[in-house]
Amino acid sequence: MTYQFDFSSLLPYWQQFAEGLWLTLQLSAISTVLGFVGGALCAIARADGPPWLQRVVGAYVEVIRNTPLLVQVFLVYFGIASLGLMVDANLAAVIALVVNVVAYTCEIMRAGIESVHKAQVEAAECLGLNRRQTYWHVVLRPAIERVYPALVSQYVLLMLASSITSQISAEELTAVANRIQSDTFRAFETYIVVGLLYLALSFVVRWAFWGFGMLVFTRRRKLGTAL
Amino acid sequence: MSVVVKLSNVHKSFGPLKVLDGVSFEVARGEVVAVIGQSGSGKSTALRCINALETIQQGSIEVCGHAVHDEKLDKRKLRLDVGIVFQSYNLFPHLTAEQNIMLAPTCVKALGKKAARDIARDCLARVGLSEKADHYPEQLSGGQQQRVAIARSLAMQPKVMLFDEVTSALDPQLTGEVLKVMEDLARGGMTMILVTHEMAFARKVASQVVYMNKGKVWETGPGSMLDAPTTPELRDFVGSGL
Ligand SMILES: Nc1ncnc2c1ncn2[C@@H]1O[C@H](COP(=O)(O)OP(=O)(O)OP(=O)(O)O)[C@@H](O)[C@H]1O
Ligand SMILES: [Mg+2]
C-alpha cells in the first residue's frame, strides 16, 4: 500500500496559498497589537483598579480562559448576526481573536506587574514621580521586559490558533487549504504544504519578536540576560 | 539656626501595635542626626513618617515648611525637599546607573536629556562612580549600588536627606566606602537624619544622637553621649557592642 504523492497539482493554487498566508499574518498582527494594548489595560485594572473593576476583569478573564476558542469565535460571529448586522467573517475573526488574546495577555502582564516590588514604587514616589510616571517607568516597563518571552509565546500561539477562524470562513490560510483540497482531492499534500507554511511563519514571527525585543530592551541587548 | 525637621509628640500605631509613642526631636539646618536603638524600636517608622510614607495618628511633623501631618499635604512638593535612601538600595533594575539618576530630574523637573545627564555625571562623580555610569545595577557591588542610590537622591538637590540603615546589608569594606560618601555630604553642609547601627560613625559625624527605645526618644545628646550614657537601657545598648 503506497501513497502516490502529487504536489504538482497544487502548483496552480500558489497564489491562493499566498493570499491565505497574507491574511493569516494580517489577522495575527492586528489581534496581537490590539490584544497587547487591551491586555495591558486590563492587567492594570486587575492589579490596581477599583475593586468592582478588578472583579469584572477577573470574571472576563476566567470565562475566556475556560471556554474553547472555537466556541468564542462562533459566539462573536452569530452574536453579530443576531443583531441583524451584516457579518464580515474577517472582522468577526479579528474581534474573537482579540477578545481571546486580551484575556491571556492580561494574566501574563498581571504576573509581571505583581513581580515589581512595592519598594520600587516607594522609591519612585520618594523621588517625586507622580502616579502615572511611576507606573510607566517603574512598574510597566520592567514588567513588560520580564514577561516578554511569555507574551511572544502567546502571540505565536495566537497566530496558529487563528486557523480556527476558518470555521466561520475567514479567508485565512486554513480556510484556503480547505477549499483547495476539496478542489484537488489532494488533502494530504495540501495540509503538508499548509503545515510547512505555518511552521515558516512561526519562525519568522519569533524572529521578528526577538529583533523587536533587542531593539526595545536595551538592558537585554547589553547584558544578554533576562530581567 | 533654622529648624528643618521638627517632630512634636508623634504617635503612630499599626493596628493595636504602638510603634511611636510621643516622639519629639528637632533637626537644624546642616545638622547630622543619628537615630539609634534596638530592632523594632520604631526608627524606620519615624523616618518614614518624616517623608509621609506613613501617616501619623497624633502630633505634628514639620519638614522644610511642609506640615507633613496635614491631610492636605502635597506629598510631591514635600519630596522635592526630602531625599531618602533605603537599606535595600531600590535601584531600578532595567536602567543603568546614569538612567536611574536621570529619571527624576527629567520626569519631575522636566529637564532635557542633556541637562539631566550632566547632573547625573556630576552626582556620580560625587560618590566616586564616574566610570560606572553605563553599568546596570546587577553589574555593581552592593556598596556601589548604594552609592548610586545616594547619587540618585542627590540629583534632586534635597534640603534634607534621610538614610535608613544604608550600610546594614554590606560587608565592612563596602560599608566604609558608603560611610565615606555620607561623611563628605555631612561636611558639605547637608542636613541629614540617619538610622544606623554604626556607633563609631555616629559618634564621629553626628551632631546629635537620638536613642529610641519602645517607641520613645529615650535619650538624646551629642555624640559623646555614647561614651557616658545616663539611662541603663542606652548603657546596655552601647555595651552590647551593636
Ligand atoms: N507596615 C507595618 N505594618 C505593621 N507593623 C509594622 C509595619 N512596619 C513596621 N511595623 C512594626 O513596627 C515596629 C517598629 O518597626 P520599625 O521598622 O520602625 O523598627 P526599627 O527600629 O526600624 O527596627 P530595625 O532596626 O529592625 O530596622 C516593629 O515591631 C514592626 O514589626
Ligand atoms: Mg528599620
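A polar contact is a pair of N or O atoms within 3.5 Å, where within protein one atom must be able to donate a hydrogen and the other to accept it, and residues adjacent in sequence count only if both atoms are side-chain atoms. This is a predicted model, in which local features need pLDDT of at least 70 and side-chain atom pairs count only at pLDDT 80 or more, while totals for chains, interfaces and linings use all residues. Residues are numbered from 1 along each chain as its sequence is written, chains are lettered from A and ligands numbered from 1 in the order in which they are written, and side-chain values use heavy atoms, with hydrogens and water left out.

**Stop one: ligand 1**

Select ligand 1 together with the 13 residues that surround it, each having a heavy atom within 4 Å of the ligand; the closest are Ser39(B), Gly40(B), Lys43(B), Ser44(B) and Thr45(B). Now display the oxygen atoms of the ligand: a polar side-chain atom of Ser39(B) lies 2.5 Å from one oxygen atom, a backbone N or O atom of Ser41(B) lies 3.2 Å from an oxygen atom, and a backbone N or O atom of Gly42(B) lies 3.0 Å from an oxygen atom. The protein covers 59% of the 640 Å² of accessible area that ligand 1 has on its own, as computed by the Shrake-Rupley method with a 1.4 Å probe.

Next colour β2 (17–28) and α1 (43–50) of chain B, the elements that give two or more residues to this shell; helices (H or I, at least four residues) and strands (E, at least two) are DSSP runs, numbered from the N terminus. Of the elements, α1(B) gives the most, with 3 residues.

**Stop three: Glu183(B)**

Finally, select Glu183(B), which lies in helix α6 (residues 172–187) of chain B. Is Glu183(B) buried or exposed? Glu183(B) is buried, with a relative accessible area of 18%, where buried means under 20%, exposed over 50%, and partly exposed in between (1.4 Å probe, protein chains only). The side chain of Glu183(B) makes a polar contact with the side chain of Lys204(B) at 3.3 Å.
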